[in-house]
Amino acid sequence: MEKVILTGDRPTGKLHLGHFVGSLKRRVELQNSGEFDKIFVMIADAQALTDNADNPEKVRQNVIEVALDYLSVGIDPAKTTIFIQSQVPELTELAFYYMNLVSVARVQRNPTVKTEIKMRNFEQSIPVGFFCYPVSQASDITAFKATVVPVGEDQAPMIELTREIVTRFNHIYGDTLAMPEIMLPENQVCMRLPGTDGQAKMSKSLGNCIYLSDTAKEVAKKVKSMYTDPQHLNISDPGHLEGNCPFIYLDAFSNDGHFEKYLPEYKNLQELKDHYTRGGLGDGTVKKFLINVLEETLAPIRERRKEWEQNIPAVYDILKEGSEKAREVAAKTLDEVRAAMKINYFDDLDLVKEQSKKYGN
Ligand code: TRP
């Protein structure tokens, strides 16, 4: 069986460090591992519109931002098909058929959708399209016969629903769809990088993100204002690591080489942590080190982004070619789906014969 990856992002904002540790870094590794037959990365503009119907310009602007972010982290269009969801109309068709296989109650139980409904104050009037996006996500995944879906843990309910739909579809209509597996981030830090204010998650609306496209100056400023330990008033005070942002970020980004290069007084992160908890280490030192560490990751990304920014037509060409390629694959699956569902009237030559015979000719 082919090994196929599909994943994607809603284009509602630029991508940030949370996206980087939570998914982008892994995608590039998977892409370069050579272990997969096909890799699809989708810019989910149609899904973004499910709760931004009145703001299409926002979605349109962010399609190119997300594409630039992808290219600058090293997603390589020669190895990965980058495409725009709305440009593959087969996905919408497939979602329409899947809606018959899922109950309203089943979607209502989806914890991620529940949280999102609360966050958006949708309780009184949930757009039908938004409510159904988990079903449409099942079509995104299965249209490409994806076997592996690398996503954050908040997406687990979507993959679970997709698996249920696959089971149901194959049971009713015969073996047609591939069963996908979720691939979660490897470790706890990557699962969820907190915002610079110490909130559980980086989120644009909270203004606590470090963006991949931030300048070095912006990054330094954000790190300097990071939430640390409110009880650590004097350098000599013992500090606490729990919820201490710079240390959490160092967990995610630093290695021993960084210490040798930027902070040779310490061999590794453990020594730095020990000193901090003992007392006598100031937040400023930790933050300065973190700025250097982050720049090791961010500087090359920023450089590559600048290059692509100088060639926007090429970026749109990549998206167009990717969308065409994705459409071919999805169309093939849809042919199989229509045949399995017996709605392939004009491709099924036996149908005319069968009906003619029924009427005695
Ligand atoms: N829901 C995903 C997000 O919020 C985006 C997405 C849409 C997706 N379709 C997908 C992710 C299919 C993985 C597979 O970012």
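Colleague: Is Lys222 buried, partly exposed or exposed?
Modeller: Lys222 is partly exposed, at 22% relative accessibility. Buried means under 20% relative accessible area, exposed over 50%, and partly exposed in between, with a 1.4 Å probe and protein chains only. This is a predicted model, in which local features need pLDDT of at least 70, side-chain atom pairs count only at pLDDT 80 or more, and totals for chains, interfaces and linings use all residues. Residues are numbered from 1 along each chain as its sequence is written, and side-chain values use heavy atoms, with hydrogens and water left out.

Colleague: What does Lys222 form with Asp214?
Modeller: A salt bridge, with the closest N and O atoms 2.7 Å apart. The term stands for a side-chain nitrogen of Lys or Arg within 4 Å of a carboxyl oxygen of Asp or Glu. Asp214 is buried, at 7%.

Colleague: How many salt bridges does the structure hold?
Modeller: 25. One of them joins the side chains of Glu65 and Arg305, at 2.8 Å from N to O. Glu65 lies in helix H3 (residues 56-73) and Arg305 in helix H15 (residues 283-309), so this pair ties together parts 240 residues apart in sequence. Helices here are DSSP runs of H or I, at least four residues, numbered from the N terminus.

Colleague: Which residues are linked in a network with Arg305?
Modeller: Glu65, Asp69 and Glu309 are linked with Arg305 in a network of salt bridges.

Colleague: Switching topic, how many disulfides are there?
Modeller: The structure holds 0 disulfides, a disulfide being a pair of cysteine sulfur atoms within 2.5 Å. For Cys209, the nearest cysteine sulfur is that of Cys245, 12 Å away. Cys209 is buried, with a relative accessible area of 3%.

Key
Helices (H or I, at least four residues) and strands (E, at least two) are DSSP runs, numbered from the N terminus.
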